[in-house]
Amino acid sequence: MTGGLLDSAQALRSGSTTSVALTEASLTAIERLDDELKAFVLVDAAAALEAGRQADLELDAGRDLGPLMGIGVGIKDIVDVAGLPTRCGSTTYPAGPVRSDASVVSRLRAGGAVIIGKTTAHELACGVYSAPARNPWATDRIPGGSSGGSGAAVAAGFVPVAIGSDTGGSVRIPASLCGVVGLKPTYGRVSRAGVEPLSWSLDHIGPLASDVNTAAAALGVIAGRDDSDPTTTTTGIDFTDALDRGVEGLRLGVMEGAPFEPLQPDVAGAVGQAVEILADLGAVPVRVMIPELRHTLTAEFGIVGPEAAQYHRDRLRQMPEQIDPGIRALLVAGSISPAAHYLKALEARRVLTDAIREAFYASELDALVSPTLPATAARPDQENFEYGDTTEAVTLSYVRTTAPFNLSGLPAISVPCGFDSSGLPIGMQIAGRPFDEAMVLRIAAAYERAGAWTTVVPPIHSTRIQQ
Amino acid sequence: MTALDPAIVAELLRAAGLDHPIFDPVEVAADFAQRTTDIESLDALLAGRSPCDVTHRSEWQR
(Lines give C-alpha, C1' and ligand atoms only; values in the text may rest on other atoms or scores of the structure.)
Protein backbone atom coordinates (compact mmCIF):
# COMPACT_ATOMS: atom_id res chain seq x y z
CA MET A 1 0.00 0.00 0.00
CA THR A 2 1.32 3.46 -0.79
CA GLY A 3 0.78 6.45 1.46
CA GLY A 4 2.95 5.11 4.26
CA LEU A 5 4.03 7.07 7.24
CA LEU A 6 7.66 7.59 6.29
CA ASP A 7 6.93 9.66 3.18
CA SER A 8 4.38 11.84 4.94
CA ALA A 9 6.53 12.32 8.04
CA GLN A 10 9.52 13.39 5.94
CA ALA A 11 7.40 15.71 3.84
CA LEU A 12 5.94 17.33 6.96
CA ARG A 13 9.34 17.95 8.46
CA SER A 14 10.90 19.20 5.24
CA GLY A 15 8.08 21.65 4.81
CA SER A 16 6.99 20.24 1.45
CA THR A 17 3.53 19.56 2.85
CA THR A 18 1.46 20.40 5.90
CA SER A 19 -0.73 18.42 8.21
CA VAL A 20 -3.68 20.48 7.02
CA ALA A 21 -2.92 19.49 3.43
CA LEU A 22 -2.64 15.81 4.39
CA THR A 23 -5.87 16.03 6.35
CA GLU A 24 -7.68 17.74 3.49
CA ALA A 25 -6.48 14.98 1.15
CA SER A 26 -7.85 12.34 3.54
CA LEU A 27 -11.17 14.12 3.85
CA THR A 28 -11.45 14.53 0.07
CA ALA A 29 -10.71 10.84 -0.54
CA ILE A 30 -13.29 9.83 2.05
CA GLU A 31 -15.87 12.21 0.60
CA ARG A 32 -15.37 10.89 -2.93
CA LEU A 33 -14.89 7.19 -2.31
CA ASP A 34 -16.41 6.17 0.99
CA ASP A 35 -20.00 6.07 -0.23
CA GLU A 36 -18.99 2.79 -1.84
CA LEU A 37 -16.82 1.46 0.99
CA LYS A 38 -18.56 2.66 4.15
CA ALA A 39 -15.25 2.44 5.98
CA PHE A 40 -16.15 5.38 8.21
CA VAL A 41 -19.35 5.70 10.23
CA LEU A 42 -18.46 9.24 11.27
CA VAL A 43 -15.96 11.82 10.02
CA ASP A 44 -15.19 14.84 12.18
CA ALA A 45 -13.74 17.13 9.52
CA ALA A 46 -13.71 20.29 11.60
CA ALA A 47 -11.87 18.72 14.53
CA ALA A 48 -9.45 16.97 12.18
CA LEU A 49 -8.57 20.19 10.37
CA GLU A 50 -8.12 21.98 13.68
CA ALA A 51 -5.81 19.20 14.90
CA GLY A 52 -3.92 19.51 11.62
CA ARG A 53 -3.52 23.26 12.09
CA GLN A 54 -2.26 22.68 15.62
CA ALA A 55 0.25 20.09 14.42
CA ASP A 56 1.53 22.51 11.78
CA LEU A 57 1.97 25.25 14.39
CA GLU A 58 3.86 22.88 16.68
CA LEU A 59 6.15 21.69 13.90
CA ASP A 60 6.78 25.29 12.82
CA ALA A 61 7.76 26.03 16.41
CA GLY A 62 10.19 23.11 16.41
CA ARG A 63 8.17 20.87 18.70
CA ASP A 64 8.17 17.33 17.32
CA LEU A 65 5.82 14.99 19.16
CA GLY A 66 6.80 11.84 17.32
CA PRO A 67 6.17 9.76 14.21
CA LEU A 68 2.40 10.23 14.07
CA MET A 69 2.54 14.00 14.43
CA GLY A 70 0.23 15.59 11.88
CA ILE A 71 -0.81 12.19 10.51
CA GLY A 72 -4.45 11.14 10.07
CA VAL A 73 -5.71 8.17 12.06
CA GLY A 74 -9.01 6.30 11.97
CA ILE A 75 -10.51 4.97 15.21
CA LYS A 76 -12.69 1.85 15.36
CA ASP A 77 -16.13 2.76 16.58
CA ILE A 78 -15.82 0.79 19.79
CA VAL A 79 -13.11 3.16 21.03
CA ASP A 80 -14.15 6.34 22.84
CA VAL A 81 -13.28 9.66 21.24
CA ALA A 82 -14.38 12.64 23.34
CA GLY A 83 -17.21 14.56 21.71
CA LEU A 84 -18.21 11.72 19.38
CA PRO A 85 -20.62 8.84 19.99
CA THR A 86 -19.40 5.26 20.41
CA ARG A 87 -21.95 3.00 18.70
CA CYS A 88 -20.19 -0.36 18.34
CA GLY A 89 -22.08 -1.12 15.15
CA SER A 90 -25.20 -1.45 17.29
CA THR A 91 -28.43 0.48 17.70
CA THR A 92 -28.37 -0.41 21.40
CA TYR A 93 -25.76 2.28 22.10
CA PRO A 94 -26.71 5.92 22.67
CA ALA A 95 -26.28 8.38 19.82
CA GLY A 96 -24.91 11.09 22.08
CA PRO A 97 -21.23 11.95 22.44
CA VAL A 98 -18.97 10.39 25.06
CA ARG A 99 -17.14 12.73 27.41
CA SER A 100 -13.59 11.46 27.37
CA ASP A 101 -11.02 9.79 25.18
CA ALA A 102 -9.99 6.18 25.51
CA SER A 103 -6.39 5.92 26.71
CA VAL A 104 -5.25 4.87 23.26
CA VAL A 105 -6.81 8.01 21.77
CA SER A 106 -5.21 10.18 24.46
CA ARG A 107 -1.85 8.72 23.52
CA LEU A 108 -2.47 9.38 19.84
CA ARG A 109 -3.41 13.00 20.57
CA ALA A 110 -0.37 13.43 22.82
CA GLY A 111 1.69 12.21 19.88
CA GLY A 112 0.19 14.87 17.63
CA ALA A 113 -1.97 12.50 15.56
CA VAL A 114 -5.01 13.85 13.73
CA ILE A 115 -8.18 11.90 14.55
CA ILE A 116 -10.14 11.74 11.28
CA GLY A 117 -13.21 9.86 12.52
CA LYS A 118 -14.74 6.56 13.59
CA THR A 119 -14.47 3.44 11.45
CA THR A 120 -17.11 0.77 10.91
CA ALA A 121 -17.14 -2.13 13.36
CA HIS A 122 -19.04 -5.39 13.23
CA GLU A 123 -21.94 -5.27 15.69
CA LEU A 124 -20.62 -5.42 19.28
CA ALA A 125 -17.19 -6.26 17.78
CA CYS A 126 -18.52 -9.81 17.54
CA GLY A 127 -18.20 -10.92 13.92
CA VAL A 128 -16.15 -10.85 10.74
CA TYR A 129 -18.45 -9.13 8.20
CA SER A 130 -18.55 -5.47 9.37
CA ALA A 131 -21.63 -4.57 7.31
CA PRO A 132 -22.13 -2.25 5.54
CA ALA A 133 -18.39 -1.80 4.95
CA ARG A 134 -16.93 -3.29 1.78
CA ASN A 135 -13.50 -4.33 0.57
CA PRO A 136 -11.55 -1.84 -1.61
CA TRP A 137 -10.15 -4.74 -3.66
CA ALA A 138 -13.65 -5.88 -4.66
CA THR A 139 -16.78 -4.18 -3.44
CA ASP A 140 -18.74 -7.42 -3.66
CA ARG A 141 -16.55 -8.74 -0.84
CA ILE A 142 -16.39 -8.09 2.87
CA PRO A 143 -13.45 -6.28 4.47
CA GLY A 144 -13.43 -8.75 7.38
CA GLY A 145 -14.00 -7.87 10.96
CA SER A 146 -14.66 -6.85 13.43
CA SER A 147 -12.31 -3.94 12.61
CA GLY A 148 -13.48 -4.02 8.99
CA GLY A 149 -13.80 -0.27 8.54
CA SER A 150 -10.26 0.25 9.80
CA GLY A 151 -8.96 -2.31 7.29
CA ALA A 152 -10.90 -0.77 4.39
CA ALA A 153 -9.88 2.79 5.38
CA VAL A 154 -6.18 1.93 5.35
CA ALA A 155 -6.40 -0.20 2.21
CA ALA A 156 -8.15 2.65 0.36
CA GLY A 157 -5.46 5.11 1.42
CA PHE A 158 -7.86 7.25 3.46
CA VAL A 159 -5.47 7.05 6.42
CA PRO A 160 -2.07 5.36 6.83
CA VAL A 161 -3.07 3.89 10.16
CA ALA A 162 -6.28 3.00 11.98
CA ILE A 163 -6.93 1.55 15.39
CA GLY A 164 -8.63 -1.81 15.73
CA SER A 165 -9.40 -4.36 18.41
CA ASP A 166 -8.75 -8.09 18.29
CA THR A 167 -10.54 -10.71 20.41
CA GLY A 168 -10.30 -13.67 18.04
CA GLY A 169 -8.53 -12.05 15.10
CA SER A 170 -10.37 -8.78 14.53
CA VAL A 171 -7.25 -6.76 13.62
CA ARG A 172 -5.54 -9.49 11.60
CA ILE A 173 -8.65 -10.70 9.75
CA PRO A 174 -9.41 -7.35 8.06
CA ALA A 175 -5.69 -6.75 7.56
CA SER A 176 -5.39 -10.02 5.66
CA LEU A 177 -8.57 -9.57 3.63
CA CYS A 178 -7.82 -5.93 2.75
CA GLY A 179 -4.11 -6.38 1.96
CA VAL A 180 -2.71 -4.23 4.77
CA VAL A 181 -0.58 -4.82 7.85
CA GLY A 182 -2.34 -5.59 11.14
CA LEU A 183 -0.63 -6.06 14.49
CA LYS A 184 -2.17 -7.62 17.58
CA PRO A 185 0.31 -6.85 20.34
CA THR A 186 0.91 -8.92 23.46
CA TYR A 187 -1.94 -8.84 26.00
CA GLY A 188 -1.05 -5.93 28.27
CA ARG A 189 0.99 -3.99 25.74
CA VAL A 190 -1.77 -1.48 24.86
CA SER A 191 -4.38 -0.12 27.25
CA ARG A 192 -8.01 -1.10 26.73
CA ALA A 193 -9.39 1.66 28.95
CA GLY A 194 -12.20 3.45 27.16
CA VAL A 195 -12.68 0.64 24.65
CA GLU A 196 -15.93 -1.34 24.69
CA PRO A 197 -15.06 -4.92 25.63
CA LEU A 198 -16.20 -8.07 23.91
CA SER A 199 -14.29 -10.58 26.07
CA TRP A 200 -12.01 -8.94 28.59
CA SER A 201 -9.46 -11.69 28.88
CA LEU A 202 -9.04 -11.96 25.10
CA ASP A 203 -9.42 -8.33 23.93
CA HIS A 204 -6.36 -6.60 22.49
CA ILE A 205 -5.93 -3.18 20.86
CA GLY A 206 -3.63 -2.74 17.87
CA PRO A 207 -2.94 -0.82 14.66
CA LEU A 208 -3.86 -1.59 11.08
CA ALA A 209 -1.36 0.16 8.85
CA SER A 210 -0.24 0.68 5.29
CA ASP A 211 3.12 -0.99 5.93
CA VAL A 212 5.20 -2.56 8.68
CA ASN A 213 7.12 0.60 9.55
CA THR A 214 3.87 2.48 10.07
CA ALA A 215 2.53 -0.31 12.28
CA ALA A 216 5.72 -0.26 14.37
CA ALA A 217 5.62 3.51 14.75
CA ALA A 218 1.95 3.46 15.70
CA LEU A 219 2.51 0.76 18.30
CA GLY A 220 5.28 2.85 19.82
CA VAL A 221 2.82 5.70 20.28
CA ILE A 222 -0.07 3.71 21.75
CA ALA A 223 1.82 1.15 23.88
CA GLY A 224 2.64 1.49 27.53
CA ARG A 225 1.60 1.50 31.14
CA ASP A 226 -1.80 2.96 31.94
CA ASP A 227 -3.20 3.15 35.46
CA SER A 228 -6.70 2.78 34.01
CA ASP A 229 -5.87 -0.70 32.70
CA PRO A 230 -4.01 -2.76 35.31
CA THR A 231 -3.01 -5.39 32.73
CA THR A 232 -0.71 -2.91 31.01
CA THR A 233 3.02 -2.87 31.44
CA THR A 234 6.26 -1.14 30.47
CA THR A 235 6.58 1.94 28.36
CA GLY A 236 9.28 3.53 26.28
CA ILE A 237 10.02 0.93 23.64
CA ASP A 238 10.97 1.91 20.09
CA PHE A 239 9.50 -0.83 17.94
CA THR A 240 11.14 0.53 14.78
CA ASP A 241 14.67 -0.12 16.09
CA ALA A 242 15.04 -3.69 14.81
CA LEU A 243 13.17 -3.36 11.52
CA ASP A 244 16.30 -3.36 9.36
CA ARG A 245 18.10 -6.26 11.04
CA GLY A 246 16.90 -8.93 8.61
CA VAL A 247 16.16 -12.58 9.34
CA GLU A 248 19.56 -14.24 8.94
CA GLY A 249 19.68 -17.27 11.23
CA LEU A 250 16.21 -16.78 12.71
CA ARG A 251 14.32 -20.02 13.28
CA LEU A 252 10.72 -19.89 12.06
CA GLY A 253 8.18 -22.52 13.04
CA VAL A 254 5.99 -23.11 9.99
CA MET A 255 2.63 -24.26 11.32
CA GLU A 256 1.10 -27.44 9.95
CA GLY A 257 -2.02 -29.42 10.80
CA ALA A 258 -5.18 -28.22 12.53
CA PRO A 259 -6.23 -25.44 12.92
CA PHE A 260 -3.95 -24.18 10.13
CA GLU A 261 -5.44 -26.65 7.65
CA PRO A 262 -7.48 -26.97 5.49
CA LEU A 263 -6.64 -23.96 3.30
CA GLN A 264 -7.67 -22.58 -0.05
CA PRO A 265 -4.97 -23.73 -2.53
CA ASP A 266 -4.04 -20.15 -3.48
CA VAL A 267 -3.50 -19.30 0.18
CA ALA A 268 -1.31 -22.35 0.72
CA GLY A 269 0.70 -21.46 -2.38
CA ALA A 270 1.23 -17.81 -1.46
CA VAL A 271 2.28 -18.51 2.12
CA GLY A 272 4.56 -21.32 0.96
CA GLN A 273 6.28 -18.90 -1.41
CA ALA A 274 6.58 -16.32 1.36
CA VAL A 275 8.32 -18.86 3.58
CA GLU A 276 10.69 -19.65 0.71
CA ILE A 277 11.51 -15.95 0.40
CA LEU A 278 12.24 -15.77 4.13
CA ALA A 279 14.48 -18.84 3.77
CA ASP A 280 16.29 -17.17 0.85
CA LEU A 281 16.88 -14.22 3.18
CA GLY A 282 18.60 -16.53 5.65
CA ALA A 283 15.83 -17.66 7.97
CA VAL A 284 15.59 -21.33 8.95
CA PRO A 285 12.09 -22.78 8.48
CA VAL A 286 11.15 -25.58 10.86
CA ARG A 287 7.96 -27.60 10.43
CA VAL A 288 5.82 -27.42 13.58
CA MET A 289 2.60 -29.16 14.59
CA ILE A 290 0.85 -28.35 17.85
CA PRO A 291 -1.98 -30.92 18.11
CA GLU A 292 -3.52 -29.21 21.14
CA LEU A 293 -4.45 -26.24 18.95
CA ARG A 294 -7.22 -28.25 17.26
CA HIS A 295 -9.25 -27.23 20.35
CA THR A 296 -8.75 -23.53 19.61
CA LEU A 297 -12.30 -22.64 18.59
CA THR A 298 -13.90 -24.49 21.49
CA ALA A 299 -11.69 -22.75 24.02
CA GLU A 300 -12.11 -19.35 22.32
CA PHE A 301 -15.92 -19.41 22.18
CA GLY A 302 -16.14 -21.10 25.57
CA ILE A 303 -14.54 -17.95 26.97
CA VAL A 304 -16.06 -15.30 24.70
CA GLY A 305 -19.64 -16.44 25.38
CA PRO A 306 -19.72 -16.02 29.18
CA GLU A 307 -17.50 -12.92 29.23
CA ALA A 308 -19.51 -11.15 26.50
CA ALA A 309 -22.78 -12.20 28.14
CA GLN A 310 -21.67 -10.78 31.47
CA TYR A 311 -20.59 -7.47 29.95
CA HIS A 312 -23.71 -7.08 27.75
CA ARG A 313 -26.21 -8.50 30.27
CA ASP A 314 -28.31 -5.35 30.56
CA ARG A 315 -28.32 -4.86 26.79
CA LEU A 316 -29.46 -8.46 26.33
CA ARG A 317 -32.21 -8.12 28.92
CA GLN A 318 -33.53 -4.77 27.80
CA MET A 319 -33.02 -4.65 24.02
CA PRO A 320 -32.64 -8.24 22.78
CA GLU A 321 -34.59 -7.57 19.60
CA GLN A 322 -31.94 -5.05 18.56
CA ILE A 323 -29.13 -7.62 18.69
CA ASP A 324 -28.24 -9.80 15.70
CA PRO A 325 -29.71 -13.31 16.22
CA GLY A 326 -26.34 -15.04 15.95
CA ILE A 327 -24.73 -12.74 18.50
CA ARG A 328 -27.82 -12.99 20.68
CA ALA A 329 -27.57 -16.78 20.70
CA LEU A 330 -23.94 -16.53 21.86
CA LEU A 331 -24.90 -14.11 24.62
CA VAL A 332 -27.85 -16.22 25.77
CA ALA A 333 -25.71 -19.34 25.88
CA GLY A 334 -23.11 -17.43 27.84
CA SER A 335 -25.79 -16.24 30.26
CA ILE A 336 -27.08 -19.67 31.21
CA SER A 337 -24.04 -21.89 30.79
CA PRO A 338 -22.67 -23.41 34.00
CA ALA A 339 -19.48 -22.00 35.49
CA ALA A 340 -17.89 -25.40 34.87
CA HIS A 341 -18.04 -24.79 31.11
CA TYR A 342 -16.25 -21.45 31.38
CA LEU A 343 -13.65 -22.87 33.74
CA LYS A 344 -13.03 -25.80 31.43
CA ALA A 345 -12.38 -23.39 28.56
CA LEU A 346 -9.97 -21.42 30.76
CA GLU A 347 -8.14 -24.63 31.64
CA ALA A 348 -7.90 -25.54 27.98
CA ARG A 349 -6.49 -22.10 27.29
CA ARG A 350 -3.62 -22.77 29.70
CA VAL A 351 -2.88 -26.08 28.02
CA LEU A 352 -2.90 -24.53 24.55
CA THR A 353 -0.59 -21.73 25.66
CA ASP A 354 1.80 -24.20 27.27
CA ALA A 355 1.83 -26.23 24.06
CA ILE A 356 2.82 -23.12 22.08
CA ARG A 357 5.53 -22.34 24.62
CA GLU A 358 6.85 -25.90 24.40
CA ALA A 359 7.03 -25.59 20.61
CA PHE A 360 9.07 -22.40 20.92
CA TYR A 361 11.51 -23.98 23.37
CA ALA A 362 11.71 -27.45 21.80
CA SER A 363 12.56 -26.13 18.35
CA GLU A 364 14.39 -23.02 19.57
CA LEU A 365 12.05 -20.82 17.57
CA ASP A 366 12.11 -17.07 17.16
CA ALA A 367 8.60 -16.96 15.69
CA LEU A 368 5.73 -19.01 14.30
CA VAL A 369 4.58 -18.49 10.71
CA SER A 370 1.22 -19.45 9.20
CA PRO A 371 -1.44 -18.17 6.85
CA THR A 372 -3.29 -15.39 8.65
CA LEU A 373 -6.51 -16.88 7.31
CA PRO A 374 -7.33 -20.07 5.41
CA ALA A 375 -9.39 -18.17 2.84
CA THR A 376 -9.64 -14.81 1.07
CA ALA A 377 -12.51 -12.31 1.33
CA ALA A 378 -16.02 -13.77 1.38
CA ARG A 379 -19.13 -12.23 -0.16
CA PRO A 380 -21.45 -10.39 2.25
CA ASP A 381 -24.12 -13.11 1.95
CA GLN A 382 -21.69 -16.02 2.08
CA GLU A 383 -22.12 -18.35 5.04
CA ASN A 384 -19.58 -21.11 4.32
CA PHE A 385 -16.29 -21.94 2.66
CA GLU A 386 -15.70 -25.25 0.90
CA TYR A 387 -12.31 -26.88 1.30
CA GLY A 388 -12.52 -30.02 -0.84
CA ASP A 389 -15.07 -32.18 0.94
CA THR A 390 -15.09 -29.98 4.04
CA THR A 391 -17.64 -27.21 4.61
CA GLU A 392 -16.89 -24.62 7.28
CA ALA A 393 -18.69 -21.48 8.41
CA VAL A 394 -16.99 -18.26 7.29
CA THR A 395 -16.67 -16.97 10.84
CA LEU A 396 -15.10 -20.17 12.16
CA SER A 397 -12.76 -20.32 9.17
CA TYR A 398 -11.47 -16.83 9.79
CA VAL A 399 -11.07 -17.23 13.54
CA ARG A 400 -9.43 -20.65 13.81
CA THR A 401 -6.00 -19.52 12.60
CA THR A 402 -5.87 -16.25 14.51
CA ALA A 403 -7.45 -17.15 17.87
CA PRO A 404 -4.51 -19.24 19.17
CA PHE A 405 -2.72 -15.95 19.75
CA ASN A 406 -5.67 -14.36 21.56
CA LEU A 407 -5.87 -17.34 23.89
CA SER A 408 -2.12 -17.20 24.51
CA GLY A 409 -1.90 -13.40 24.41
CA LEU A 410 1.17 -13.61 22.17
CA PRO A 411 1.99 -10.87 19.65
CA ALA A 412 0.97 -11.65 16.08
CA ILE A 413 1.09 -9.65 12.87
CA SER A 414 -0.53 -10.09 9.47
CA VAL A 415 1.52 -8.92 6.49
CA PRO A 416 0.33 -9.07 2.86
CA CYS A 417 1.91 -11.95 0.90
CA GLY A 418 0.11 -12.07 -2.43
CA PHE A 419 -3.24 -12.47 -4.15
CA ASP A 420 -5.54 -15.32 -5.10
CA SER A 421 -6.64 -16.00 -8.68
CA SER A 422 -9.48 -13.48 -8.24
CA GLY A 423 -7.09 -10.72 -7.20
CA LEU A 424 -8.05 -10.84 -3.52
CA PRO A 425 -5.29 -10.26 -0.93
CA ILE A 426 -3.68 -13.03 1.13
CA GLY A 427 -1.92 -12.48 4.46
CA MET A 428 0.88 -14.24 6.31
CA GLN A 429 0.75 -14.36 10.10
CA ILE A 430 3.92 -14.12 12.20
CA ALA A 431 3.61 -14.73 15.96
CA GLY A 432 6.28 -14.21 18.58
CA ARG A 433 7.21 -14.74 22.20
CA PRO A 434 5.55 -12.61 24.93
CA PHE A 435 6.30 -8.91 24.46
CA ASP A 436 8.54 -9.65 21.49
CA GLU A 437 6.66 -7.45 19.05
CA ALA A 438 10.05 -6.24 17.85
CA MET A 439 10.79 -9.72 16.49
CA VAL A 440 7.51 -10.16 14.59
CA LEU A 441 7.87 -6.65 13.17
CA ARG A 442 11.47 -7.38 12.17
CA ILE A 443 10.50 -10.55 10.29
CA ALA A 444 7.50 -8.86 8.70
CA ALA A 445 9.67 -5.93 7.60
CA ALA A 446 12.27 -8.21 6.02
CA TYR A 447 9.56 -10.06 4.13
CA GLU A 448 7.82 -6.84 3.13
CA ARG A 449 11.01 -5.46 1.59
CA ALA A 450 11.44 -8.64 -0.46
CA GLY A 451 7.80 -9.27 -1.28
CA ALA A 452 6.85 -5.67 -2.11
CA TRP A 453 3.13 -6.43 -1.90
CA THR A 454 2.39 -3.26 0.05
CA THR A 455 3.24 -1.12 -2.99
CA VAL A 456 0.20 -2.44 -4.90
CA VAL A 457 -3.02 -0.45 -4.47
CA PRO A 458 -6.62 -1.65 -4.83
CA PRO A 459 -9.09 -0.41 -7.46
CA ILE A 460 -10.62 1.93 -4.89
CA HIS A 461 -7.79 4.05 -3.55
CA SER A 462 -7.11 7.68 -2.77
CA THR A 463 -4.33 7.84 -5.39
CA ARG A 464 -6.83 7.01 -8.14
CA ILE A 465 -8.96 10.09 -7.57
CA GLN A 466 -9.10 12.32 -10.65
CA GLN A 467 -7.79 15.75 -9.69
CA MET B 1 -25.31 -34.34 22.59
CA THR B 2 -26.49 -33.37 26.08
CA ALA B 3 -30.21 -32.61 25.97
CA LEU B 4 -31.72 -30.09 28.35
CA ASP B 5 -35.45 -29.92 28.99
CA PRO B 6 -36.85 -26.69 27.47
CA ALA B 7 -38.82 -26.21 30.69
CA ILE B 8 -35.56 -26.11 32.62
CA VAL B 9 -34.11 -23.75 30.02
CA ALA B 10 -37.11 -21.48 30.50
CA GLU B 11 -36.34 -21.41 34.23
CA LEU B 12 -32.69 -20.65 33.56
CA LEU B 13 -33.66 -17.83 31.21
CA ARG B 14 -36.01 -16.40 33.81
CA ALA B 15 -33.33 -16.61 36.48
CA ALA B 16 -30.94 -14.76 34.16
CA GLY B 17 -33.50 -12.01 33.62
CA LEU B 18 -34.08 -13.14 30.05
CA ASP B 19 -37.85 -13.64 30.13
CA HIS B 20 -38.42 -11.72 26.90
CA PRO B 21 -40.59 -13.62 24.38
CA ILE B 22 -37.80 -13.40 21.79
CA PHE B 23 -35.96 -16.13 23.71
CA ASP B 24 -37.42 -19.48 22.64
CA PRO B 25 -36.56 -22.17 25.23
CA VAL B 26 -36.66 -24.91 22.59
CA GLU B 27 -34.16 -23.10 20.35
CA VAL B 28 -31.98 -22.17 23.29
CA ALA B 29 -32.02 -25.78 24.51
CA ALA B 30 -30.84 -27.04 21.13
CA ASP B 31 -28.09 -24.42 20.94
CA PHE B 32 -27.07 -25.14 24.54
CA ALA B 33 -26.81 -28.85 23.77
CA GLN B 34 -24.45 -28.18 20.85
CA ARG B 35 -22.27 -25.85 22.88
CA THR B 36 -22.17 -28.35 25.76
CA THR B 37 -21.01 -31.06 23.37
CA ASP B 38 -18.26 -28.72 22.16
CA ILE B 39 -17.10 -27.95 25.68
CA GLU B 40 -17.16 -31.61 26.67
CA SER B 41 -14.78 -32.31 23.79
CA LEU B 42 -12.15 -30.51 25.87
CA ASP B 43 -12.20 -33.40 28.34
CA ALA B 44 -9.84 -35.31 26.06
CA LEU B 45 -7.39 -32.40 26.11
CA LEU B 46 -7.56 -31.93 29.86
CA ALA B 47 -7.50 -35.60 30.89
CA GLY B 48 -4.51 -36.51 33.04
CA ARG B 49 -3.27 -32.94 33.47
CA SER B 50 -2.18 -31.83 36.90
CA PRO B 51 -3.92 -28.88 38.55
CA CYS B 52 -0.82 -26.79 37.91
CA ASP B 53 -0.97 -27.61 34.20
CA VAL B 54 -4.39 -26.06 33.83
CA THR B 55 -4.42 -23.22 36.34
CA HIS B 56 -0.96 -21.69 36.52
CA ARG B 57 0.03 -18.44 34.89
CA SER B 58 3.48 -17.69 33.56
CA GLU B 59 5.05 -14.95 31.53
CA TRP B 60 3.50 -16.73 28.52
CA GLN B 61 0.02 -16.58 30.03
CA ARG B 62 -0.90 -13.09 30.98
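A:Pro306 has its place in helix α9 of chain A; helices here are DSSP runs of H or I with at least four residues, strands are runs of E with at least two, and both are numbered from the N terminus. A:Pro306 is buried, with 25 other C-beta atoms within 10 Å. Buried stands for 20 or more other C-beta atoms within 10 Å of a residue's own, exposed for 12 or fewer, and partly exposed for anything in between, with C-beta atoms placed from the backbone. The model is a predicted one, so local features need pLDDT of at least 70 and side-chain atom pairs count only at pLDDT 80 or more, while totals for chains, interfaces and linings use all residues. Residues are numbered from 1 along each chain as its sequence is written, and chains are lettered from A and ligands numbered from 1 in the order in which they are written.

- Leaving aside neighbours within four places in sequence, A:Pro306 is in contact with A:Gly334, A:Ser337 and A:Tyr342; contact asks for C-beta atoms, placed from the backbone, within 7 Å of each other.
- A separation of 40 Å lies between the C-alpha atoms of A:Pro306 and A:Ala51, which are 255 residues apart along the chain.
- Helix α9 (residues 296-311) of chain A and helix α12 (residues 339-362) of chain A have axes that come within 8 Å and cross at roughly 135°. Axes are lines fitted to C-alpha atoms, for helices over the stretch in contact, and angles run from 0 to 180 degrees between N-to-C directions.
- That angle makes α9(A) oblique to α12(A); under 35 degrees counts as roughly parallel, over 145 as roughly antiparallel, 65 to 115 as roughly perpendicular, and the rest as oblique.
- On the α9(A) side, the residues that meet α12(A) are A:Thr296, A:Ala299, A:Gly302, A:Ile303 and A:Pro306. Their partners in α12(A) include A:His341, A:Tyr342, A:Leu346 and A:Leu352.
- Sorted by class, this helix contact has eight nonpolar, three polar and two charged residues. Nonpolar covers Ala, Val, Leu, Ile, Met, Phe, Trp, Tyr, Cys and Pro, charged covers Asp, Glu, Lys and Arg, and the others, Gly among them, are polar.

**The sheet of chain A**

- Chain A has an open sheet of 11 strands with mixed pairing, in the order β1-β3-β2-β4-β6-β5-β12-β13-β9-β7-β8; strands pair if DSSP finds at least two bridges between them.
- Its edge strands are β1 (40-43) and β8 (284-289) of chain A, each of which pairs on one side only.
- From one strand to the next, the twist averages 30°.
- Three bridges hold the antiparallel pairing of β1(A) with strand β3 (residues 114-119) of chain A, where A:Phe40 stands opposite A:Thr119.
- Helix α2 (residues 19-37) of chain A lies across β1, β2 (72-76) and β3, and runs at about 135° to β1(A).

**Strand β12(A) and its partners**

- Seven of the eight residues of β12(A) are buried, so the strand is largely enclosed by the rest of the structure.
- β12(A) runs antiparallel to β5(A), with three bridges, and A:Gly182 faces A:Ser414 as its opposite residue.
- β12(A) is also antiparallel to strand β13 (residues 425-431) of chain A, with seven bridges; A:Pro416 stands opposite A:Gly427 there.
- Five residues lie between β12(A) and β13(A) in their hairpin, and A:Gly423 in the turn has a positive phi of about 85°.

**Helix α4(A)**

- In helix α4 (residues 103-110) of chain A, the buried residues are A:Ser103, A:Val104, A:Val105, A:Arg107 and A:Leu108.
- Their cover includes β2, β3, β4, β6 and α7 of chain A.

**Backbone points to check by eye**

- The peptide bond from A:Gly145 to A:Ser146 is cis, with omega near 10°, and A:Ser146 is in the loop between β3 and α5 (148-155) of chain A.
- A:Lys38 has a positive phi near 55° and is partly exposed, with 19 other C-beta atoms within 10 Å.
- A:Phe435 has a positive phi near 60° and is buried, with 21 other C-beta atoms within 10 Å.

**Where chains A and B meet**

- The contact takes 27 residues from chain B and 31 residues from chain A.
- α2(B) gives the largest share of the chain B side, six residues.

Notes:
Two residues are in contact if their C-beta atoms, placed from the backbone, lie within 7 Å.
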